[in-house]
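Colleague: Could you take me slowly through one part of this model, the salt bridges, and tell me how they are arranged?

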Amino acid sequence: MSTSPRLRRALRLALRIAAGFLLGSALLVLLLRWAPPLTSGLMIERRIESWFAVGDYQRRYDWVALDDISPLVGIAVIAAEDQLFAEHAGFDWKAIEKAIAYNQ
């Protein structure tokens, strides 16, 4: 049984879109390896909040190279998101299992 040309075209398009997302993601990671980010999620959040608040939003930050800050600052930033980061290899399987159970 052969697939219809329309289905083949749709599958090919889906594959190209997925490959494009993967390639785009990899290129963005490579770019950010050497270039400072233009914005952050928090800056975007603050901009949106300012639309509903009194006063103007002013983005103020100074990019600082990783070599120019204390190594403890990097650990503190990661710990703000994942307190057990130092105790696992990138994936907190217990937390993942707990989230899966909670979301079921």
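Modeller: A salt bridge here is a side-chain nitrogen of Lys or Arg within 4 Å of a carboxyl oxygen of Asp or Glu, and by that rule the structure holds two salt bridges. Please keep in mind that this is a predicted model, in which the protein chain averages a pLDDT of 86 and 98% of the residues score at least 70.

Arg46 takes part in a salt bridge with Glu45, where the closest N and O atoms are 3.9 Å apart, and the side chain of Arg46 also meets that of Glu49 in a salt bridge, at 3.4 Å from N to O. Glu45, Arg46 and Glu49 are therefore to be seen as linked in a network of salt bridges, given that a bridge needs a nitrogen and a carboxyl oxygen within 4 Å. Arg46 and Glu49 both lie in helix H2, which covers residues 41-50, and they are three residues apart, about one turn of the helix.

As for how much of each residue is open to the surroundings, buried means under 20% relative accessible area and exposed means over 50%, with partly exposed in between. Arg46 has a relative accessibility of 38%, so Arg46 counts as partly exposed; Glu45 counts as partly exposed because its relative accessibility is 40%, and Glu49, with a relative accessible area of 40%, is partly exposed as well.

Conventions
Residues are numbered from 1 along each chain as its sequence is written. This is a predicted model: local features need pLDDT of at least 70, side-chain atom pairs count only at pLDDT 80 or more; totals for chains, interfaces and linings use all residues. Side-chain values use heavy atoms; hydrogens and water are left out. pLDDT is the predictor's confidence in each residue, from 0 to 100. Buried means under 20% relative accessible area, exposed over 50%, partly exposed in between (1.4 Å probe, protein chains only). Helices (H or I, at least four residues) and strands (E, at least two) are DSSP runs, numbered from the N terminus.
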